[in-house]
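Please read the following account alongside the chain shown here. The model is predicted.

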Amino acid sequence: MQKIEKLLQKRAAELLAEGTVERVLAWQAGEFFYDNTPAAVSSADECDKLVYNEFCPANLCKYLIETSHAGKKTAVFLKPCDTYGVNQLLKDNRIKRELVYAIGTPCSGMLDINKIKAAGAKGIISVSVDGDEVVVNTAYGEKRMAKADVLLNKCLMCKGAAYKIADEELAEPLSVPQFTGDKFAKVKEIEAMSPEERFAFWQSELSKCIRCNACRDICPACSCEQCIFDKPDTPVAGKAHADEVEEQMYHIIRAFHVAGRCTGCGECARVCPQGIHLELLNMKFMKDINSFFGQYQAGADSEIPAPQVSFKQNDPEANSAVEGRAQHV
C-alpha cells in the first residue's frame, strides 16, 4: 500500500499543478493511525499529507455533490466499491460528470480495528499486512492474525476489483476478498422469524439510535438538499427520540428513500457509533427488488433506471399474491 500511497500523492500533485482539476479528494491521517479521514486539497504543495493504506475505508463520492455545486472540477480517488456511488449520484443528477475526474484506486480490503482489538491485541502500536496475515505490533510484542478475520464487514461481501467508472487507474488491481456465500443469508434468517420476533429484533436494534445522523450524512443515496428530518415544522426533526414510533420512523423512512438506490457500500453501518445493523434494512429491499423485478445492482452504471421507475408488462401488481410479499423485516 505504501507504493500506492506515493503514486496517489504524485498524481494528485500533478493534476493540481497542471490545472486539470481544482480540487482533489483523498484521505489524510487522523488522530490515530487507524482512523484516517477524508481530505480535500486544492494545492500541489498539500498533497504530501495524503495517505493510503488499509485504514482508508471512507467512501468519498458524496463530497462530489458540494464540489459540483461549486462548479469545481474535482479529482476523487475511488476504491472499486466506491465507484458504484459515483454512478448512482450521476443517475440521480446530483453531480455533473464533466466536473468529476475519477481515479480508480486499488484495494485489497480494509481492516477493522475493533475486530483486531477483539482478537486479543492490546497496547497496539502499529498494524501492517503481510500477505494473508495482519501483523500487529503491540507494547507486549508482535501478534499475527488472519486478514480475513479482521476485515470490515462490508469488505467481506466485496463486489470485486472492477471499477464501474474511472477516468484513469492509479495502479494494477489488487487481489480482493472472494465472497462466495449468500449475501442475503442474515436477511433470510430475520424473514424466518415470527412477526413478534422480528419486531423485537428491530426494536432492540433501533432503540440504540442516538440520532447522530452519521448514517444519513455518509450515504451517497441520501442526497436531498434538505432532508425531511431536518425540517423544523415536522414532528421528526428532534435529535432525541420522543417515543418508540419516532424511534422506528427515522430508519424505516430512510430505508424506503434509498430503496433501489442503495449501492450496498456498507458505510451506514460502518460509521454508526451504536453498531446498529443498518445494512440489513437496505439489503431486505435489495432482496425484494431482485425477487420481484430481476437482478439489479444500484450504481453498476449511470444510465439504467431503477426497477421501481421502469415499467414492464410482467411487473408484479401491488395486490398480487407474490410469494413472500407479505414478509417484512
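The paragraphs below go through a sheet, a hairpin and a pocket.

In this predicted model, an open sheet is built from 5 strands, arranged in the order 2-1-3-4-8 with mixed pairing. Strand 2 (37–41) and strand 8 (168–169) are at the edges; each has a single partner strand, so one side of each has no neighbour in the sheet. Helix 1 (residues 2–18) packs on this sheet and touches strand 1, strand 2, strand 3, strand 4 (100–104) and strand 8. The direction of helix 1 makes about 160° with that of strand 1.

Within the sheet, strand 1 (residues 23–28) pairs with strand 3 (residues 74–78) in the parallel sense, over 3 bridges. In this pair, R23 is placed opposite T74 in strand 3.

An antiparallel pairing is found between strand 5 (residues 124–130) and strand 6 (residues 133–138), which are joined by 6 bridges. Here I124 stands opposite T138 in strand 6. The two strands form a hairpin with 2 residues between them, and G131 takes a positive phi near 65° in this hairpin.

The last topic is the largest pocket, with a volume of about 1200 Å³. Its lining comprises 49 residues, and N153, K154, G266, A269 and R270 lie nearest the centre of the pocket. Strand 2, helix 4 (113–118), helix 5 (185–191), helix 9 (267–271) and helix 10 (279–293) are the elements that each give two or more residues to this lining. Sorted by class, the lining of the largest pocket holds 26 nonpolar, 11 polar and 12 charged residues.

Notes
Residues are numbered from 1 along each chain as its sequence is written. This is a predicted model: local features need pLDDT of at least 70, side-chain atom pairs count only at pLDDT 80 or more; totals for chains, interfaces and linings use all residues. Side-chain values use heavy atoms; hydrogens and water are left out. Two strands pair if DSSP finds at least two bridges between them. Helices (H or I, at least four residues) and strands (E, at least two) are DSSP runs, numbered from the N terminus. Contact means heavy atoms within 4.5 Å. Axes are lines fitted to C-alpha atoms, for helices over the stretch in contact, and angles run from 0 to 180 degrees between N-to-C directions. On a 1 Å grid over the protein atoms alone, a cavity is a set of points where a 1.4 Å probe fits but cannot get out, and a pocket is an open set with protein on both sides within 12 Å along at least five of seven lines; lining residues have an atom within 4 Å of a point. Grid points are joined across faces, edges and corners, and a volume is the space filled by probe spheres set on the points. Ala, Val, Leu, Ile, Met, Phe, Trp, Tyr, Cys and Pro count as nonpolar, Asp, Glu, Lys and Arg as charged, and the others, Gly among them, as polar.
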